[in-house]
Amino acid sequence: MKKVYDVIVAGAGPSGITASLSAARNGMNVLLIDKNAYPGGMNTAAMVSPLMTFHAGDKQVIKGIAQEIIDRLTEKNATLGHLPDPIGVVSTITPVDTEMLRLVYFEMLEERQNINLLLHTFIDSVETENGRIKSISAVNKSGRSVFTGKVFIDATGDADLAAVSKVECNTGRPRDGLSQPMTLMFTLGGVNTDKVIDYINKNPEQFILNQQCDLKKYLAVSGFFDSVSQARENGDLTLPRDRVLFFQGIRKNEVLVNMTRIIGLSGVNAADLSAAECAAHKQVTELFSFFKKYIPGFEHCFLNRIAPLVGVRESRRIEGIKTLTSDDVVHNACHSDSVAVCAFPIDIHDPAGKELNWVRKEKDCCYDVPYGVMVPVKIKNLLATGRCVSASHEALASVRISATAMALGQAAGTAAALCVGKDIDFADIDIQELQGKLFEQGAVPGKKWL
């Protein structure tokens, strides 16, 4: 593997994938590094699905490479497509087969001969000079290697590259530094979904529902509040959750459970991550028994799959030249330097308790994400994309979502190509040229392009 690249991308999650593809399609030689054995990040290694969200009302706000990925999954019968959200948090959700998503990512990367993929690898240090990264040092089974790049993109989700480059980062909420809880996803098979739907129809007060959705076409559940309370009183449920939350897989009798909750631990601390994995697997055992005993339709269910690693909602986020705020989300902000659109509300899983809080508005959530949230105040040739952009704790609870991460990745990769081509810093980019390029590529750079 060669040692010199135009663009080096750290992290092969949804944002890193699209960043790499975008940069490569714009003529760059790209190195993509990831700690896992396969690309996809939280969507594959942590089984985070369905993807949310490609739409604001009837308008599709995420297109470009992100939609290409869905189109490829559709060809493989590995997604149900964009469906109305039965819970009503967003306009649409996109259930995907996370195993097939891995294959699609491998296919798309292998089609580009100017992308080199290096897995099972961690970045442990950087060399900087005059506010620029000159090279990175990466560690894997082969030892330590040094790679030189012209520009760098941090798509690790945890701002790992930014942190080792001494970029200022924030973690968690301001008052105590606590981040949203981690969750280990798992699937249950052998579920009688018809029985679940019948119970919901007879007890609608126990659920958060989009009354316009036909649950027989697709089932998603947020509720069973009385069942949770009863199980807690009986000592059969001890984990900090106030409701049952699951989504139908792409097959009728399988559901993906989003209920384990690990609070008070850090996603960027090795000891905490180890403790989180231990605690989360214990919670899976408890939840499996809970479902069989308390939830109609699960009497004969079986444990099908457990995600290979715990999912992290929030960790480090950079200090950028702009910061996304809760006001931006709540007031559907427009920005002159927008590079993506997000249509997900503020969705905070209580960092210290059992609640799930949505900031709801009268109008559909739809706001611009400004380019400046990806540009750190330090390091001139580094961009951050995906979950580690510059945002408040509350705003991150919105912008962290997968579809928007994909859109931000495409913007980051295109920006990288422009900066390399013109030999300029990320902060000096012609934003209108970047927006025009994104629009030409089929992406939606901002609300005015809808």
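This is a predicted model: local features need pLDDT of at least 70, side-chain atom pairs count only at pLDDT 80 or more; totals for chains, interfaces and linings use all residues.
Figure 1. Helix 7 (residues 270-294) has 25 residues, which at 1.5 Å a residue should span 36 Å, and the 35 Å between its end C-alpha atoms agrees with that. At the start of the helix, Asn269 places a side-chain oxygen within 3.0 Å of the backbone nitrogen of Ala271. Buried positions along helix 7 are Ala276, Ala280, Gln283, Val284, Glu286, Leu287, Phe290, Phe291 and Tyr294. An α-helix has 3.6 residues a turn, so residues three or four places apart point the same way.

**Figure 2. Helix 1, a mostly covered helix.** Helix 1 runs over residues 14-25, and its 12 residues reach 17 Å from first to last C-alpha, close to the expected 16 Å. Of these 12 residues, 11 are buried. The buried residues are Pro14, Ser15, Gly16, Ile17, Thr18, Ala19, Ser20, Leu21, Ser22, Ala23 and Ala24. Just after the helix, Gly27 has a positive phi of about 90°.

**Figure 3. Asn114 and its contacts with Ala24, Gly27, Met28, Asn29 and Val30.** Asn114 sits in the loop between helix 3 (98-110) and strand 7 (115-118). Its relative accessible area is 18%, and because the limit for buried is under 20%, Asn114 is classed as buried. The Asn114 side chain makes two polar contacts with backbone oxygens: that of Ala24 is reached at 2.9 Å, and that of Met28 lies 2.8 Å from a polar atom of the side chain. With neighbours within four places in sequence left aside, the residues in contact with Asn114 are Ala24, Gly27, Met28, Asn29 and Val30. Ala24 is also one of the buried residues of helix 1, and Gly27 is the residue with positive phi just after that helix.

**Figure 4. Packing of helix 2 against helix 3.** The axes of helix 2 (residues 64-75) and helix 3 come within 10 Å and cross at roughly 120°. The two helices are therefore oblique to each other, and their crossing is right-handed. Helix 2 contributes Ile65, Glu68, Ile69, Arg72 and Leu73 to the contact, and helix 3 contributes Met100, Leu101, Val104, Tyr105, Glu107 and Met108.

**Figure 5. Packing of helix 10 against helix 11.** Helix 10 (residues 402-422) and helix 11 (residues 431-440) have axes 10 Å apart and pack at an angle of about 125°. This angle makes helix 10 oblique to helix 11. The crossing is right-handed. On the helix 10 side, the residues in contact are Gln410, Ala411, Thr414, Ala415, Leu418 and Lys422. They meet Glu433, Leu434, Lys437 and Leu438 of helix 11.

Figure 6. Asp154 is 228 residues away from Leu382 along the chain, yet the C-alpha atoms of the two residues are separated by 7.3 Å. Leaving out residues up to four places away in sequence, Leu382 touches Ile133, Phe152, Ile153, Asp154, Leu161, Ala162, Val167, Met374, Pro376 and Phe426.

Key. Residues are numbered from 1 along each chain as its sequence is written. Side-chain values use heavy atoms; hydrogens and water are left out. Helices (H or I, at least four residues) and strands (E, at least two) are DSSP runs, numbered from the N terminus. The expected span of a helix is 1.5 Å times one less than its number of residues. Buried means under 20% relative accessible area, exposed over 50%, partly exposed in between (1.4 Å probe, protein chains only). A polar contact is a pair of N or O atoms within 3.5 Å; within protein, one must be able to donate a hydrogen and the other to accept it, and residues adjacent in sequence count only if both atoms are side-chain atoms. Contact means heavy atoms within 4.5 Å. Axes are lines fitted to C-alpha atoms, for helices over the stretch in contact, and angles run from 0 to 180 degrees between N-to-C directions. Angles under 35 degrees count as roughly parallel, over 145 as roughly antiparallel, 65 to 115 as roughly perpendicular and the rest as oblique. A crossing is left-handed if the near helix is turned anticlockwise from the far one by less than a right angle, and right-handed if clockwise.
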